[in-house]
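Please look over the chain shown below before reading on.

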Amino acid sequence: AILSDERVALALWLSFFASFLAAVTNAVFGLIVAWTLVRYQFPGRRILDALVDLPFAMPTAVAGIALATIYAPNGWIGALFDPLNIRIAYTPIGVYIALVFVGFPFIVRAVQPVLQDLEREVEEAAATLGAGRLRTFRKVIFPAIAPALLTGFTLAFARAVGEYGSVIFIAGNIPYVSEIAPLLIVQKLEEYSYAGAAAIGLAMLGISFVILLVSNALQVAMTRKQKA
């Protein structure tokens, strides 16, 4: 009965859908940042490398308050979108941004060492055989980093699904709009509805298990294909 409630169903949908979108976004931009840090030398490179780990070092509550302040209608970034009637804080967009923030380092740190160990001679050999930069990346580089990229995606997704502290401040926790499933679990516990909290928790566990199982199966398949 609890899981069939519309409020719970929407909270579960927001948590998993926003987590998936955040992980996909991080996979794209995390790969770009990892590539930049490994392949290029430029002023401020060490600072950028250190900033990648900022979500690990910053307490989640502090990150949530900072994001809510920046993206609020009167914040630095929120004020730019407010005249366009686009609200970021206290909407699902704010949830998505918070989840992107907390999951970003997982992609970079998973892909970065693989790129560092990737031999340049393989790329040069592909170039001498007439392959362009795009084809070299698609046929040579991407297959080598794909398992690591999928690992980072899985870690970023898993972190985002269970994220609480950095989300509740910028989400606004509006029922049926920007309420996440972990918040509902906390609310059920505060109401001494342990069965309700357990039901929501088991639903999250089951959905997460299926998604991680598929992700791990894909990773094994990619690894075997690469060895073959």
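Trp13 counts as exposed because its relative accessibility is 56%; exposed means over 50% relative accessible area, buried under 20%, and partly exposed in between, with a 1.4 Å probe and protein chains only. This is a predicted model, in which local features need pLDDT of at least 70 and side-chain atom pairs count only at pLDDT 80 or more, while totals for chains, interfaces and linings use all residues. Residues are numbered from 1 along each chain as its sequence is written, and side-chain values use heavy atoms, with hydrogens and water left out.

Which residue pairs with Trp13? Trp13 and Phe17 form a stacked aromatic pair, 4.8 Å centre to centre with 10° between the planes. Rings of Phe, Tyr and Trp (its six-membered ring) pair if their centres lie within 6.5 Å; planes under 30 degrees apart count as stacked, over 60 as edge-to-face, and the rest as tilted. Both Trp13 and Phe17 belong to helix α1, where they are four residues apart, about one turn of the helix. An α-helix has 3.6 residues a turn, so residues three or four places apart point the same way. Phe17 is partly exposed, at 38% relative accessibility.

A second pair is edge-to-face, because the ring centres of Phe20 and Phe153 are 5.9 Å apart and their planes stand at 85°. This pair links distant parts of the chain, since Phe20 lies in helix α1 and Phe153 in helix α8, 133 residues apart. Phe20 is partly exposed at 41% relative accessible area, whereas Phe153 is buried at 17%. The structure holds five aromatic pairs. Another ring, that of Trp35, has the charged end of Arg39 over it, 4.4 Å from the ring centre; a charge sits over a ring if NZ of Lys or CZ of Arg is within 6 Å of the centre and within 35 degrees of the ring normal.

Neighbours within four places in sequence aside, Val108 is in contact (heavy atoms within 4.5 Å) with Gly30, Val33, Ala34, Leu37 and Val52.

Helix α6 bends by about 40° at Gly103, and Pro105 follows within four residues. The bend is the angle between axes fitted to the seven residues ending at a residue and the seven starting there.

Ala63, in helix α4 (residues 60–71), is buried, with a relative accessible area of 3%. Not counting residues up to four places away in sequence, Ala63 touches Met58, Phe101 and Ser166.

Over the whole chain there are eleven helices and zero strands; helices (H or I, at least four residues) and strands (E, at least two) are DSSP runs, numbered from the N terminus. Buried residues make up 41% of the 228 residues. The C-alpha atoms fill a box of roughly 65 × 40 × 30 Å along the principal axes.
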